[in-house]
Every structure is written in C-alpha cells, then in structure tokens.
Amino acid sequence: MSDLQEEGKNAINLPMSPASVEIHPEDILLEENQERMVIDPTSRDDPRFRELVKVLIDWVNDVLVGERIIVKQLEEDLYDGQVLQKLLEKLAGCKLNVAEVTQSEIAQKQKLQTALQAVQELLRPHGRALQWTVDTIHGKNLVAILHLLVALAMHFRAPIRLPEHVSVQVVVIRKREGLLHSSHVTEELTTTTEMMMGRFERDAFDTLFDHAPDKLSVVKKSLITFVNKHLNKLNLEVTELETQFADGVYLVLLMGLLEDYFVPLHNFYLTPDSFDQKVHNVSFAFELMLDGGLKKPKARPEDVVNLDLKSTLRVLYNLFTKYKHLE
C-alpha cells in the first residue's frame with residue numbers, strides 16, 4: 001500500500017496535473033478511466049455552502065420527523081438509499097417497492113436505483129438535467145447528493161429558503177493509463193430562487209424584498225386593508241397575509257366578492273386538510289382570476305400553500321391593482 005501511495009503522489013505531481021491534492025487510498029484503487037470528486041477544503045468552509053448543507057439537513061429532518069430518522073451528515077446518512085427512500089415516499093405520497101433493510105452493497109445500489117428512477121420520472125417533465133447517478137450517491141459524493149436534494153426541494157416547493165449563488169470548487173481525480181490526474185472544476189449548486197423555480201423576470205417585489213424591506217410592512221398593511229374591505233362582508237377578517245391565504249379558501253371567496261358572484265361550495269374545499277386540497281383551492285382561485293380578465297399569476301399555487309410571502313403578495317397585488325376602486 002505504501003508503494004501504491006507513493007506512485008499516486010508522483011502521478012498527482014506530474015506536469016500533466018494542474019495541482020496537487022491530498023491522496024487517499026480510494027484514489028489509488030480507482031479503475032482505469034474511473035474518477036472521484038472531492039470538494040476543495042476552502043469551498044467547504046464557505047459560509048453559504050455551510051448554510052446550504054444545514055438548510056437541507058433541517059428540511060430532510062422536518063419531513064422525516066414522524067419516521068424517527070435524524071440526519072446528521074448527508075454523505076453518511078443518504079448514500080445507502082434508506083433515508084432517500086423514506087424521504088421520497090413522504091414527499092411524493094407513494095410507496096417504493098424495495099426491501100426495508102439492505103446490508104450488502106448490491107442491495108443498497110438496487111434500492112438507490114429504484115429511488116432515483118422514481119426521482120427521474122418526477123423531474124423529467126421539467127427538463128432538468130440529472131446531476132447524480134447511483135454510483136455517485138453510493139460513493140458518498142456530496143456534490144451529487146446536494147444536487148439531488150436541491151432538485152427535490154424545488155420540485156416539491158419545500159417551505160425553505162435556499163441560499164442563492166452557491167458554487168463549490170471540486171477536484172476531479174481520474175485514473176488514465178495507470179496514472180492519476182487531477183483537475184479543478186466549479187460546480188454551481190444554486191442560482192437565484194426565481195431561476196430555480198422557473199421564474200426568470202424580476203419584478204417590484206424582488207426589489208422590495210432585496211433593497212427596501214422597511215417598506216414591506218406598508219405594502220402588507222395596504223393589502224390587508226384592501227382584502228378586509230371585501231371579506232368583512234362575509235364577517236371574515238385577515239390579519240396575517242402569509243398564513244391566512246395559504247389554503248386558498250379566502251382567495252376563492254375574495255374572487256367571488258370582487259366579481260360579484262357566488263362560488264358553489266362543491267368547486268373547492270371549504271376546510272382543506274391536506275396539501276393537495278389547498279393547492280386545488282389556490283389553483284381554482286387562479287382560474288377565477290383568469291376568467292376575470294387578470295393575467296396568469298407569476299406565483300405558483302404550491303408557493304402560496306408553502307407560505308411564500310412574496311408569492312402571496314404578488315397575487316394579492318394583482319387583485320389590488322384591478323379592484324382597488326371597487327366599493
């Protein structure tokens with residue numbers, strides 16, 4: 001082993017290699033043309049990278065709180081497919097056809113293959129390029145695991161705020177013609193929230209949140225006054241914009257009041273008790289807005305249900321713009 005390590009160090013320090021990196025036994029044992037990726041230590045210490053890891057760990061633990069599963073380290077806790085299986089089943093409301101306990105490497109990879117196939121089927125409609133494989137996840141490649149979790153968080157509209165513009169420097173170690181070669185690449189893990197969620201055009205609310213948060217309370221107060229002016233006719237009152245529109249009920253009722261019609265109760269859930277029912281309500285309210293001549297909301301129903309304040313404000317401001325002079 002010492003001879004192998006010496007060979008590896010010499011290979012890394014050859015002129016063909018752009019930089020020297022720390023050699024691990026697993027590097028020496030790479031097969032021909034096989035590669036291993038490690039995050040540069042300086043990137044690991046970057047505050048935004050550390051925040052991204054923490055936010056994702058907290059999110060996974062929140063989702064799995066009922067399973068008595070606690071994730072402490074992403075590489076060590078997700079590589080065998082067990083946690084990923086439970087996470088996907090909770091998020092997608094499905095049951096994967098896999099063995100509950102998998103000890104061997106073959107069984108673990110089979111479970112991973114099943115779970116990642118389910119992920120691919122979920123993400124395929126969005127045209128996302130998959131940046132992970134069974135081998136990279138099982139090989140405890142943190143970059144691949146982070147790509148996977150960010151994609152899942154975006155797809156399922158996780159009620160979290162991922163730090164934006166997180167990139168890491170990655171050292172790629174590859175074995176070619178019996179020698180080890182290294183190269184550095186930059187991996188972009190997150191962009192902006194709008195781009196990750198499929199929204200590319202910034203608007204006044206982006207500016208408000210980013211540069212004038214002190215004026216946010218003024219905007220919220222104006223919108224609360226507007227919605228209560230109409231909801232009070234049904235003896236309803238709003239005090240918290242973030243939460244009271246999240247189930248879609250007030251949005252549906254508000255549209256009926258603004259357009260002066262009665263919304264049949266069988267068209268929406270008056271007391272929704274699930275995420276899907278709340279999404280149905282908000283989606284239905286969006287349809288009523290389109291029928292009323294409003295533009296398609298920039299927000300997505302899932303964003304409103306997930307208590308995304310900016311999305312809720314966008315929706316209400318559109319109503320305010322059209323109906324502010326309505327008595």
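The model is predicted. The protein contains 17 helices and three strands, and 47% of its 327 residues are buried.

**Overall figures**

- Of the contacts between residues at least 6 apart in sequence, 61% link residues at least 24 apart.
- The protein has an accessible surface of about 17700 Å², and carbon and sulfur atoms account for 51% of that area.

**Helix α7**

- Helix α7 runs over residues 105-123 and has 19 residues.
- From first C-alpha to last, α7 reaches 26 Å, which is close to the 27 Å expected at 1.5 Å a residue.
- The buried residues in α7 are A107, Q108, K111, L112, A115, L116, A118, V119 and L123.
- Viewed down the axis of α7, these buried residues fall within an arc of 165 degrees, so they line one face of the helix.
- I106 and Q110 are exposed and sit on the face of α7 turned away from its buried side.
- The cover over the buried residues of α7 includes α6 (82-92), α8 (134-138) and α9 (142-155).

**Nonpolar surface patch**

- F262, L265 and L270 make a nonpolar surface patch of about 350 Å².
- One of these residues, L270, lies in the loop between α14 (249-259) and α15 (275-291).

**K95 in the loop between α6 and α7**

- K95 is located in the loop that joins the end of the α6 entry above to α7, that is, between α6 and α7.
- With a relative accessibility of 61%, K95 counts as exposed, since the cut-off for that class is over 50%.
- Leaving aside residues up to four places away in sequence, K95 touches E89 and E100.
- K95 and Q85 are ten residues apart in sequence, and their C-alpha atoms are 8.7 Å apart in space.

**Points to take from the model**

- Which face of α7 carries I106 and Q110? Both residues are on the face turned away from the buried side of the helix.

Key:
Residues are numbered from 1 along each chain as its sequence is written. This is a predicted model: local features need pLDDT of at least 70, side-chain atom pairs count only at pLDDT 80 or more; totals for chains, interfaces and linings use all residues. Side-chain values use heavy atoms; hydrogens and water are left out. Helices (H or I, at least four residues) and strands (E, at least two) are DSSP runs, numbered from the N terminus. Buried means under 20% relative accessible area, exposed over 50%, partly exposed in between (1.4 Å probe, protein chains only). Contact means heavy atoms within 4.5 Å. Accessible areas come from the Shrake-Rupley method with a 1.4 Å probe; for residues, only the protein chains shown count as cover. The expected span of a helix is 1.5 Å times one less than its number of residues. The arc is that of the directions from the helix axis to the C-beta atoms. Patches are made of residues with over 30% relative accessible area and no salt bridge: like charges are joined within 9 Å, nonpolar side chains (Val, Leu, Ile, Met, Phe, Trp, Tyr) within 5 Å. A salt bridge is a side-chain nitrogen of Lys or Arg within 4 Å of a carboxyl oxygen of Asp or Glu.
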